[in-house]
Amino acid sequence: MLVTEARRRLERKKARAAQPHPSGDKRLLILDAFMKRQQFRGDALIEVLHKAQELFGFLDDGLLVYVARALKLPPSRVYGVATFYHFFKLKPQGEHTCVVCLGTACYVKGADKIMAAIEQRAGIKNGETTPDNRLSLLSARCIGACGIAPAVVYDGAVAAKQTPESTLALIEPWMNRHGP
Ligand code: FES
């Protein structure tokens, strides 16, 4: 009897774990799991913000509020920490953003070559913005889309199985001052 109940509980737990995040963004699932490992402790805030930036490339308002809620901290405290440390980026500065996933699955499928191709074309390094503010180039660590590696996020939209050529074709219009 006890064994059956324990098994049922385990199955319910597994089913919950397999459910997608309500927002549909797998990166939040990974962030949730990370915060859970930290037992949602408020004093793990800096580690959590690091993880969030690793996943998303930068910390926007929605993400900071999300973390504040999860860790049960006042948003002002989370904003305070995020703005105090220069390491944290609150927004990309460019009109367009390209986030290359450099997590293991993407890396072994050539994400480093994609990054190198963009760096060369745009004349900037990972983490920088072009002098004309057209493009910010960022990297993330596993955005939860390993099945479609290598993945690149263009202006917030995840693109599957990218190559240096497909990426360069996509960002080319952004390189032109009069482009979109
Ligand atoms: S390693 Fe890139 S999505 Fe997982």
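Predicted model: local features only at pLDDT ≥ 70, side-chain atom pairs only at ≥ 80, totals over all residues.
**A helix and the sheet it packs on**

Just after helix α7, Gly-123 takes a positive phi of about 70 degrees.

The protein chain averages a pLDDT of 87. Of its residues, 88% score at least 70. Helix α1, residues 2-18, has the lowest mean, at 60. Helix α7 has the highest, at 97.

Now look at α7 itself. It covers residues 111-122, twelve in number. From its first C-alpha to its last it reaches 16 Å. That is close to the 16 Å expected at 1.5 Å a residue. Its buried residues are Ala-111, Ile-114, Met-115, Ile-118 and Ala-122. Viewed down the axis of α7, these buried residues fall within an arc of 100 degrees, so they line one face of the helix. The spacing follows a general rule. An α-helix has 3.6 residues a turn, so residues three or four places apart point the same way.

What do the buried residues of α7 pack against? Two helices are on the list: α6 (104-108) and α8 (164-175). Three strands join them: β1 (96-101), β2 (135-140) and β3 (152-154). Those strands lead us to the sheet.

The sheet is open and has four strands, in the order β2-β1-β3-β4. Its pairing is mixed. At the edges stand β2 and β4 (157-159). Each has a single partner strand, so one side of each is left without a neighbour in the sheet. From one strand to the next, the twist averages 25 degrees.

Follow β1 next. On one side, β1 and β2 pair in the parallel sense, over six bridges. Val-99 has Leu-138 of β2 as its bridge partner. For Val-100, the partner in β2 is Ser-139. With β3, β1 runs antiparallel, and three bridges join the two. Here Cys-98 stands opposite Tyr-154 of β3.

Is β1 enclosed or open to the outside? Six of its six residues are buried, so β1 is largely enclosed by the rest of the structure. Its side chains split into two sets. His-96, Cys-98 and Val-100 point one way. Thr-97, Val-99 and Cys-101 point the other way. Both sets are buried.

The buried residues of α7 line one face, and they pack against β1, among other elements. In turn, β1 pairs with β2 and with β3.

Key
Residues numbered from 1 in each chain as written. Expected span 1.5 Å × (residues − 1). Buried ≥ 20, exposed ≤ 12 C-beta atoms within 10 Å, placed from the backbone. Arc of directions from axis to C-beta. Contact = placed C-beta atoms within 7 Å. pLDDT = per-residue confidence, 0-100. Pairing = 2+ DSSP bridges. Axes fitted to C-alpha atoms, helices over the stretch in contact; angles between N-to-C directions.
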